[in-house]
Amino acid sequence: MRPPADQITGRRSIMRNHGMYPRFQCYFAELRGEPAVPVTVPWPDTAPGTGPYTVPGTAPGTGPGRRGAAKVVGFAYGFHGAPGQWWHDVVYRALEDRSGPRVADAWLGDAFELAEIHVHPDHQGKGIGRAMITTLCAGRAERSAVLSTHDRPTAARHLYRSMGFTDLLSRFVFPGGHEEYAIAGRPLPLS
C-alpha cells in the first residue's frame, strides 16, 4: 500500500479500467472503533464482527449507523478473466507455451483473477489478507482463482501458499518489465 509515487497515475488508470470488467468485486478492510487500539486477537479467530477488523458488508456493525471511526487498512479486488484483457492474454500465452493449451485453458479458461490484494504494512500478519481473499472468492462461479505476486519469499507468497495456491509459472517477467513474478492458482471453491 505504499506504491512509488511515479506509479500512482498509471495504477489509478488500470484500477479504473478493471472496475468495468465482468463480475468485478472489491472489498475494503477497516479498522473500526475509536480510538484505534493495538490488535490482540485477529478477526478471523473470533466470531464475525467481534474483533476490531472486518470486511465491510460481511459482519454486524458495518454500514450506515456504525459506531466509531473507520480507517481503511486493506483492499482487494478481482474479476472474471477473459480474452482481450491484458493480464489474462499475457499469462495465458506464457502458460500455453510452457504447459500446453489444455493446461492454460484449465487454469485461465474460467478464472477469477485476484488483481489487487493490499494490506497496510502496520496491519499485516493479522488475518486481514486471508479474510479479504476468502470473502472475494466466496460463491464465485469460476473454476479457479489466479493471481500474480513477486517471485521471492514474502508474507504474501506465504499467505497464498497457505491458502492452497500453487505456482503455475515462476520467474515470469511481464512484457516491458524487469521484476520476476510467480503466477499462482488454485481451484475454486476455496473450501
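Glutamate 142 is buried, with a relative accessible area of 2%; buried here is under 20% relative accessible area, exposed is over 50%, and partly exposed is in between, using a 1.4 Å probe and protein chains only. This is a predicted model, in which local features need pLDDT of at least 70 and side-chain atom pairs count only at pLDDT 80 or more, while totals for chains, interfaces and linings use all residues. Residues are numbered from 1 along each chain as its sequence is written, and side-chain values use heavy atoms, with hydrogens and water left out.

So who does glutamate 142 pair with? A salt bridge means a side-chain nitrogen of Lys or Arg within 4 Å of a carboxyl oxygen of Asp or Glu. Helices (H or I, at least four residues) and strands (E, at least two) are DSSP runs, numbered from the N terminus. Arginine 23 is partly exposed, at 46% relative accessibility.

Glutamate 142 also meets arginine 140 in a salt bridge, at 2.8 Å from N to O. Arginine 140 is buried, at 13% relative accessible area.

## The other charged pairs

The salt-bridge count comes to six. One of them joins arginine 157 and aspartate 167, whose closest N and O atoms are 2.8 Å apart. Here arginine 157 belongs to helix H5 (residues 155-162) and aspartate 167 to strand E6 (residues 166-172), 10 residues apart. Arginine 157 is buried at 7%, whereas aspartate 167 is partly exposed at 34%. Both turn up again in a network of salt bridges that links Asp151, Arg157, Arg161 and Asp167.

Rings of Phe, Tyr and Trp (its six-membered ring) pair if their centres lie within 6.5 Å, with planes under 30 degrees apart called stacked, over 60 edge-to-face, and the rest tilted.

Tryptophan 86 and phenylalanine 174 make a tilted pair, 5.6 Å centre to centre with 35 degrees between the planes. Tryptophan 86 is in helix H2 and phenylalanine 174 in the loop between E6 and strand E7 (181-187), so this pair ties together parts 88 residues apart in sequence. Phenylalanine 174 pairs with phenylalanine 172 too: the centres are 4.9 Å apart and the planes at 85 degrees, so this one is edge-to-face. Phenylalanine 174 is buried at 11%, and phenylalanine 172 is buried at 12%. Trp86, Phe172, Phe174 and Tyr181 form one aromatic cluster.

## How H2 meets H3

Helix H2 (residues 86-99) and helix H3 (residues 101-108) have axes that come within 7 Å and cross at roughly 145 degrees. The axes are lines fitted to C-alpha atoms, for helices over the stretch in contact, and angles run from 0 to 180 degrees between N-to-C directions.

Contact means heavy atoms within 4.5 Å. On the H2 side, the residues that meet H3 include Trp87, Val91 and Leu95; their H3 counterparts include Pro101, Trp107 and Leu108.
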